[in-house]
Amino acid sequence: MWRSFLSYGLVLGLLLSLLAWSKYRWLMLDHTTEIYVLILAGVFIGVGIWVGLRWTAPQVIEKEVIQVYEPLMRPTPELLEKYGISVREWEVLMQVSKGLSNEEIAEKLFVSTNTIKTHLGNLYAKLDVKRRTQAVEKARLLGLLQVSTPPNV
């Protein structure tokens with residue numbers, strides 16, 4: 001707060017020096033109204049910038065995870081075979097259930113993003129769904145994923 005007062009004082013001091021240097025009396029007698037309008041415009045610009053920066057400041061949004069779909073154990077090979085899902089596709093499905101993006105999944109499983117997209121396309125066809133959320137919900141219903149609720153905090 002004191003820093004802003006000192007900076008305003010310094011700016012006003014520089015302006016007064018500039019006006020004295022440019023024959024303050026002559027300037028004030030001929031252009032009094034224009035100078036007052038200029039000073040008022042400068043104040044309004046400063047206030048406008050300050051308000052604009054306050055209103056557009058980024059806001060922090062906190063989210064609470066209610067339930068996480070996480071397998072407690074790998075499903076049996078018979079269950080995977082029943083739905084025609086490979087182990088790698090199930091691993092991709094598990095990462096999708098954690099809310100990871102394609103890039104994050106690719107990085108975690110050491111494959112390309114296009115490979116992840118291919119696995120997801122195969123999963124969508126095998127589970128007869130159109131979206132990631134539908135795939136996770138259907139996998140949970142089929143027993144491929146189990147609900148693990150976070151501990152009470």
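This note walks through some features of the structure above, point by point.

1. **What kind of model this is.** Please keep in mind that this is a predicted model, in which local features need pLDDT of at least 70, side-chain atom pairs count only at pLDDT 80 or more, and totals for chains, interfaces and linings use all residues. Residues are numbered from 1 along each chain as its sequence is written, and side-chain values use heavy atoms, with hydrogens and water left out.

2. **The overall plan.** The protein has eight helices and two strands; helices (H or I, at least four residues) and strands (E, at least two) are DSSP runs, numbered from the N terminus. Followed along the sequence, their pattern is α-α-α-β-α-α-α-α-α-β.

3. **Burial and contacts.** Of the 153 residues, 23% count as buried. Here buried means under 20% relative accessible area, exposed means over 50%, and partly exposed is in between (1.4 Å probe, protein chains only). Taking contacts between residues at least 6 apart in sequence, 57% join residues at least 24 apart, where contact means heavy atoms within 4.5 Å.

4. **Helix H3.** Helix H3 covers residues 32-55, and its 24 residues should span 34 Å at 1.5 Å a residue; the end C-alpha atoms are 35 Å apart, which agrees. The expected span is 1.5 Å times one less than the number of residues. H3 is hardly covered, with a count of one buried residue among its 24.

5. **H5 against H6.** Two packed helices are described by the angle between their axes and the distance between the axes. For H5 (residues 87-97) and H6 (residues 102-109), the axes come within 10 Å and cross at roughly 130 degrees. That makes H5 oblique to H6. Axes are lines fitted to C-alpha atoms, for helices over the stretch in contact, and angles run from 0 to 180 degrees between N-to-C directions. Angles under 35 degrees count as roughly parallel, over 145 as roughly antiparallel, 65 to 115 as roughly perpendicular and the rest as oblique.

6. **Who meets whom there.** H5 contributes Arg88, Glu91, Val92, Gln95 and Val96 to the contact, and H6 contributes Ile105, Lys108 and Leu109. By class, this contact of H5 with H6 has four nonpolar, one polar and three charged residues. In this scheme Ala, Val, Leu, Ile, Met, Phe, Trp, Tyr, Cys and Pro count as nonpolar, Asp, Glu, Lys and Arg as charged, and the others, Gly among them, as polar.

7. **A closer look at glutamine 95.** Glutamine 95 sits in helix H5 and is buried, with a relative accessible area of 5%. Leaving aside residues up to four places away in sequence, glutamine 95 touches Leu100, Ile105 and Lys108.

8. **H6 against H7.** H6 and H7 pack with their axes 8 Å apart, at an angle of about 105 degrees. The two helices are therefore roughly perpendicular to each other. On the H6 side, Asn102, Glu103, Ile105, Ala106 and Leu109 meet Thr113, Ile116, Lys117 and Leu120 of H7. By class, the contact of H6 with H7 has five nonpolar, two polar and two charged residues.

9. **Two loop residues worth a look.** Phenylalanine 110, in the loop between H6 and helix H7 (113-127), has a positive phi of about 60 degrees although it is not a glycine. Phenylalanine 110 counts as exposed, at 75% relative accessibility. Aspartate 128 lies in the loop between H7 and helix H8 (132-142). Aspartate 128, not a glycine either, has a positive phi of about 60 degrees, and at 64% relative accessibility aspartate 128 counts as exposed.
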